[in-house]
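My notes follow in the order in which I looked things up.

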Protein chains: 4
Amino acid sequence: MVVVMEERASEEQVQHVIAQLVEKGFDIHRSTGQLRSVLGAVGGNRSFDTRLIEVMDGVHEVLRITEPYKLASRTFKPERSAVSFDEFRVGGDEVIVMAGPCSVETEEQIAAAAAAVKKAGAKILRGGAFKPRSSPYSFQGLGEDGLRMMRAAADAEGLKVVSEVMDVSQIELVVGYADILQVGARNMQNYTLLRELGKARTPVLLKRGIAATIEEWLLSAEYVLAGGNTDVILCERGIRTFESYTRNTLDISAIPVIQKLSHLPIIADPSHGTGLRDKVAPMARAAIAAGADGLIIEVHPDPDHALSDGAQSIFPLQFDRLMAELRIIAPAIGRSICLEPVARRGWGA
Amino acid sequence: MVVVMEERASEEQVQHVIAQLVEKGFDIHRSTGQLRSVLGAVGGNRSFDTRLIEVMDGVHEVLRITEPYKLASRTFKPERSAVSFDEFRVGGDEVIVMAGPCSVETEEQIAAAAAAVKKAGAKILRGGAFKPRSSPYSFQGLGEDGLRMMRAAADAEGLKVVSEVMDVSQIELVVGYADILQVGARNMQNYTLLRELGKARTPVLLKRGIAATIEEWLLSAEYVLAGGNTDVILCERGIRTFESYTRNTLDISAIPVIQKLSHLPIIADPSHGTGLRDKVAPMARAAIAAGADGLIIEVHPDPDHALSDGAQSIFPLQFDRLMAELRIIAPAIGRSICLEPVARRGWGA
Amino acid sequence: MVVVMEERASEEQVQHVIAQLVEKGFDIHRSTGQLRSVLGAVGGNRSFDTRLIEVMDGVHEVLRITEPYKLASRTFKPERSAVSFDEFRVGGDEVIVMAGPCSVETEEQIAAAAAAVKKAGAKILRGGAFKPRSSPYSFQGLGEDGLRMMRAAADAEGLKVVSEVMDVSQIELVVGYADILQVGARNMQNYTLLRELGKARTPVLLKRGIAATIEEWLLSAEYVLAGGNTDVILCERGIRTFESYTRNTLDISAIPVIQKLSHLPIIADPSHGTGLRDKVAPMARAAIAAGADGLIIEVHPDPDHALSDGAQSIFPLQFDRLMAELRIIAPAIGRSICLEPVARRGWGA
Amino acid sequence: MVVVMEERASEEQVQHVIAQLVEKGFDIHRSTGQLRSVLGAVGGNRSFDTRLIEVMDGVHEVLRITEPYKLASRTFKPERSAVSFDEFRVGGDEVIVMAGPCSVETEEQIAAAAAAVKKAGAKILRGGAFKPRSSPYSFQGLGEDGLRMMRAAADAEGLKVVSEVMDVSQIELVVGYADILQVGARNMQNYTLLRELGKARTPVLLKRGIAATIEEWLLSAEYVLAGGNTDVILCERGIRTFESYTRNTLDISAIPVIQKLSHLPIIADPSHGTGLRDKVAPMARAAIAAGADGLIIEVHPDPDHALSDGAQSIFPLQFDRLMAELRIIAPAIGRSICLEPVARRGWGA
């Protein structure tokens, strides 16, 4: 921490700040200039609230020089991490795509979705069984029935499963069916939940909150890592800005920023990031071109009759076309994406 | 809902939209103009996702004409609501102030805080026992011990107690000690929690999320109200903007906006809203001048040694001065604020 | 400037940074810690672009320790400034109110407005002759005719005049009619205009841009001050946030922040800050309670037929009531506001 | 426009609204439902301020159903526009890249930059002669000398020239040297300037303001188009959000949104959009993958010694590599990019 004193700060004020910092466990290096004193403070607690010094008399500004997170940082672990599954890894050279409907609705729906996304090259089936809905009057998900249907559909196609946990009480249940536990944007700072997930041994997909800074996002990842669960995948899904034409503004630049600050893999969610079907493909291509390790996309066999998020779900045929476009783009950044598309049943044609 | 078709929309496209809306349970009134068709749709489900129509071919725009919330609206209940306690009400003519430390730390600390805020005119003691901290390495609260200390301190001074619940699992415990259950900004869309609080019979203080629109905030209130708990107090505590000098931007205009849209009482939190001690008093005065029903303020007997949020906590003497200023301002909007300050022990002098 | 090196930075990288800084005219103090090196750089150019160092290999972060503005800062001039007119000052103990229509429309309209606002206690008449309109198809103002009408109306009532200049080419003209030259939010970073206003000897009212940080706002003031014009009044008028219920979010906290960083007087514009008539009075009261030196308010004798901004203009009777409320609030912060309302013609009753 | 009345609106209030709308030139279609009345208003003025109705008693909400811009919309001109130069067009199948230094500094510098960007495949040389700088103490550009140097450098390489005009007074001068007149983000709502550019017969590159909505941006384009200048190229260059790690958040989703709403070509500026050299290439790739018609990129032969924006300028070798990556990506969206790179002098190797 660097404490910049005001130009007119008295010697007494400087001493008072020094005393306070020493009391908090810091070592102080003082540099007295022509205009003002600057104090360098080292040691102390990583989570020390610098505003405590900021409000002291004679203090002009306090600048933190270490990130408040540790395990999530590149400083701690310089080489990139990957989350491994049987036959592939998220965070390696291959771009991994997770796809499927917003909510699991029926056995037929999830089976059709699984077949369609598998055929196009997806490796992981997404689908919600517990849905966080802003209105209490909206469809809230099928619960365990949904999980069971999704597991069966994924197994039939050789896909992995990602599904959301909204609350500590659901972890045990979801772990029984899913290969990746998703933490939604609204729960990014649900610390009780994050702490419990740190004790789990199932990978976690941590979505960025719509108003979360990149630092806060990494701090939330830190909660899971600090609990001993090192398999964390970050997911950019749009931040809230003044622009209201799109539901959110997908922050593509977060991808290279995260890759500089952290070793954790990062994917993008162009479906929630835009909220509009015809914007999904352009933003999916953009995310991969920017270097994302993967995507999570809402694909529904019949979006017009989806029980949730139909407007941002794409048709299987659109997903096929998108995957073909991504196969062209990936090599530009030295990556591949499921080079041998599975040629099987003619779903969606 | 009003559906505006594109100028070049074909008759087939219009018919397709009409068919879709009828299928979803709406009655349609079509108005065909020189340039384009406009469809009025009535009935249907309050939480219908209008984007489903927005993505259809030939559709230019979809405009919703009813709010998605009901019980929280002035349309449903035109007269203002108040939450009543033994000797006062939040939402009446009197401005109610909740004050106390960020976290309960020791018996002495909370007792000193309770005495100080009571003397200055506060009616409710605030203090956290479970703390949502963005870093896993920060102080996380004393838990039940903290609740016990706070209850004792409040009872000794004749104060009510407000304290935060972070998770469903904490409700039963906190209800045993607190008179108001606070939902923090980060949990404003923790629907599992909101739903459970709807079943409680203890008033709820619902803070606005840092990126929540006013509509989303009222929808979260709707979750509690829909469960049968009608005692909801809203709390504006700052939204996240590009301005980083203050920790958040306290949206004072949300106060008159909420008072127009909803019957629920609304208070302001200038401590979290600014994050800086010397900005608390100006923003507290501003909130009352704008018409807020009350305030929640962090006051600590020794802010320099607070375990959390010391930088935004004010000294008891500053709180005394602020309360005196508020007594001048309140009458400007036809309100009073604890007109007879309690003259007792000489704390803080 | 403080340069924080990465933990793994090589000695060569550190030396490269030092060489670059020395070349740019800085003196360097190096502090080598257990984990990393930190470089303090003093001297150099106030407007040095710190990102130049930020992109160098081995650099973790660069922290600036001086504000980029000088003349506008409290460090440069600790005592508060006021802009003086014949019988009053903006920035003194009295709260000064500027009021009038958005645009000057007719002689009758501006005369009626002048009489109404004078009677209620305003000291300065506002009104636009050149209007920046987001649509090219909107009313664009009366130009010089409008200025002439406004001057006559103001003189008849003993009021000063504030009016907007949109372009360098208009300065000479407007100076002939107005006592204060307003720079609109959209022109806050029109540096050609600011530079010319620095040469003028007429006070400048500088509105904050809707996305301007407080630092950028003070830098724009610096342009005017650096030109030799020391009479600058700042005006907070709302920033753009994700909340769309109000047109902008009036950042009330900017008032105490500016008063800490700068010696310049600051007023608030609740009309543009909210964009809605019924929100003007609450926000005007809030601004004064927070410590603003004054207000600028749109008052129109017949808002329903205003050629611009009618929806955010208040009626003369609403303005009377507001001024009465402000007279109650001002003493709470040790200020007065036109204590002897002028009892003359019975306009508006 | 659709006017939604409150559920409790009286018949008198409805009639008052109807009368006001008729007076403003609208035809009204009333639809009286079980709960409330809804009024459809057609005709009237495109730039009518709907808030005038919004503030009337009994009105719940007013919804606009036409965009306020006309000439810029796809409704007006469904097929895409392109801006043609001798041998290429911006807005056609080929992706066009504009590149060069932030500011023209010396003859050698601009000549070296021109040669480097030409060799890599750029078609247009960028460079500033008049610089809008947030600090009055920063380098402000070389003025006409800079324009002359840039023209010579561009001619030597067979490049077109784009350069910024900051003020009406500069148009005549810049037109003499540049092929495209750039309007910077800070001037996006400088209507005096836009109006004059509408009279020019030189193409205009209109950057999006950092807090401009897409609608406001298109309205600014409308100012130029309405003046008779149909050659307008839009440029997304980042919006201001709460995230401060990057200087701005480049809104990639604005690319497909603009392409749906407007026929005008759109390019992206990843240099200003991120403000950091190592983020330029990922965001440039993302913009092209999302469908942008081109890019404008800061390339400097010696960024470490650039007089402005060196930190966000890339090295010629980085530009070469980026162009190679873009050649892989462009076909994914059916486009090409300068397929035959010019093999000439060995600059930068």
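**Notebook: chain contacts, helices and single residues**

I began with chain D against chain A: the contact takes 32 residues from chain D and 32 residues from chain A, two residues being in contact if their C-beta atoms, placed from the backbone, lie within 7 Å. The model is predicted, so I noted that local features need pLDDT of at least 70 and side-chain atom pairs count only at pLDDT 80 or more, while totals for chains, interfaces and linings use all residues. Residues are numbered from 1 along each chain as its sequence is written, and chains are lettered from A and ligands numbered from 1 in the order in which they are written.

**Entry: the D side and the B side**

I looked up which elements give two or more residues to the side of chain D that touches chain A, and found helix H8 (254–261), helix H10 (277–289) and helix H11 (316–329) of chain D. Helices (H or I, at least four residues) and strands (E, at least two) are DSSP runs, numbered from the N terminus. H10(D) gives the most to this side, with 6 residues. By class I recorded 20 nonpolar, 7 polar and 5 charged residues on the side of chain D that touches chain A. In this count Ala, Val, Leu, Ile, Met, Phe, Trp, Tyr, Cys and Pro are nonpolar, Asp, Glu, Lys and Arg are charged, and the others, Gly among them, are polar.

I then turned to chain B, where 42 residues are in contact with 42 residues of chain A. On the side of chain B that touches chain A, at least two residues each come from helix H2 (51–54), helix H6 (191–199), helix H7 (214–226) and helix H10 (277–290) of chain B. The largest share, 5 residues, is from H7(B). The classes on this side of chain B are 16 nonpolar, 13 polar and 13 charged.

**Entry: chain A as a whole**

Of the 349 residues of chain A, 60% count as buried. A residue is buried if 20 or more other C-beta atoms lie within 10 Å of its own, exposed if 12 or fewer, and partly exposed in between, with C-beta atoms placed from the backbone. Among contacts in chain A between residues at least 6 apart in sequence, 66% join residues at least 24 apart.

The domain assignment of chain A gives domain 1 (2–63) and domain 2 (83–333); such bounds come from an automatic or database domain assignment. I noted 44 Å between the C-alpha centres of these two domains.

**Entry: helix H3 of chain A**

H3(A) has 14 residues and reaches 20 Å from its first C-alpha to its last, close to the 20 Å expected at 1.5 Å a residue. The expected span is 1.5 Å times one less than the number of residues. Why is H3(A) largely enclosed by the rest of the structure? It is because 10 of its 14 residues are buried. Among the buried residues are Gln109(A), Ile110(A) and Val117(A). What covers them includes strand E7 (96–100), strand E8 (124–126), H4 and helix H11 (316–329) of chain A. Just after H3(A), Gly121(A) takes a positive phi of about 120°.

**Entry: Leu21 of chain A**

I found Leu21(A) in helix H1 (residues 11–23) of chain A. Is Leu21(A) buried or exposed? Leu21(A) is buried, because 23 other C-beta atoms lie within 10 Å. Leaving aside neighbours within four places in sequence, Leu21(A) is in contact with Phe26(A), Ile28(A), Ala41(A) and Ile53(A). Leu21(A) and Arg277(A) are 256 residues apart in sequence and 54 Å apart in space, C-alpha to C-alpha.

**Entry: Ala268 of chain C**

Ala268(C) counts as buried, with 30 C-beta neighbours inside 10 Å. Setting aside neighbours within four places in sequence, I listed its contacts, including Cys235(C), Leu250(C), Ile255(C) and Leu295(C). The C-alpha atoms of Ala268(C) and Glu23(C), 245 residues apart along the chain, are separated by 44 Å.
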